[in-house]
Amino acid sequence: MPADSAEPAPALPPPSPSQPGAVPYPVKDEDLQPDDFDLPFEAKFVNGKWLYGVRKPTHTKQGCAVRWYPANHFLPLELESEHFELLRRSAESNNP
């Protein structure tokens, strides 16, 4: 097969709480692994829009900071996953 006709990568299944990529709640900064920085750990509904908090590594004493991204930052497949649904349900139950 020629190098420039690469097949698309197969779709990954959505993360579930039992998979390594899914972060248990609550989590301490010192327990984070490099892959944990890709998945949001919290959701919030502000001004009619969902925002998702993602931990990003920093060069400070705290080790990471939370960055909030709107839903359009993520793929539709990700937003429909069990992980994102869990985040939204948790946010709704904490803010009735």
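## The second largest pocket

Let's start with an opening in this predicted model: the second largest pocket holds about 170 Å³ of space. A pocket here is an open set of points, on a 1 Å grid over the protein atoms alone, with protein on both sides within 12 Å along at least five of seven lines, and lining residues have an atom within 4 Å of a point. Grid points are joined across faces, edges and corners, and the volume is the space filled by probe spheres set on the points; the probe is 1.4 Å. Eleven residues line this pocket, and the closest to its centre are Glu42, Ala43, Ser90, Ala91 and Asn94.

Which elements give two or more residues to the lining? They are strand E1 (40-46) and helix H2 (82-94). Helix H2 supplies the largest share, five residues. Sorted by type, the lining has six nonpolar, three polar and two charged residues. In this sorting, Ala, Val, Leu, Ile, Met, Phe, Trp, Tyr, Cys and Pro are nonpolar, Asp, Glu, Lys and Arg are charged, and the others, Gly among them, are polar.

## How to read the model

Residues are numbered from 1 along each chain as its sequence is written, and side-chain values use heavy atoms, with hydrogens and water left out. This is a predicted model, where local features need pLDDT of at least 70 and side-chain atom pairs count only at pLDDT 80 or more, while totals for chains, interfaces and linings use all residues.

## The overall layout

The protein chain has two helices and three strands, which run β-β-β-α-α from the N terminus on. Helices (H or I, at least four residues) and strands (E, at least two) are DSSP runs, numbered from the N terminus. Of the 96 residues of the chain, 28% count as buried. Buried means under 20% relative accessible area, exposed means over 50%, and partly exposed lies in between (1.4 Å probe, protein chains only).

E1 and E2 pair in the antiparallel sense over six bridges. Two strands count as paired if DSSP finds at least two bridges between them. Across this pairing, Phe45 has Trp50 in E2 as its bridge partner, and Ala43 stands opposite Tyr52 in E2. The hairpin of E1 and E2 has two residues between the strands.

## The nonpolar core

Which residues make up the largest nonpolar core? There are ten: Ala43, Trp50, Tyr52, Val54, Tyr69, Phe74, Leu79, Phe84, Leu87 and Ala91. Two or more of the core residues come from each of E2 and H2. A nonpolar core is a set of buried Ala, Val, Leu, Ile, Met, Phe, Trp, Tyr and Cys residues joined through side-chain atoms within 4.5 Å.

How many salt bridges does a search of the whole structure find? It finds one. A salt bridge is a side-chain nitrogen of Lys or Arg within 4 Å of a carboxyl oxygen of Asp or Glu. The partners are Arg89 and Glu85, with their closest N and O atoms 4.0 Å apart. Arg89 and Glu85 are separated by about one helical turn, because they are four residues apart in helix H2.

Both partners are partly exposed: Arg89 has a relative accessible area of 47%, and Glu85 is at 34%.
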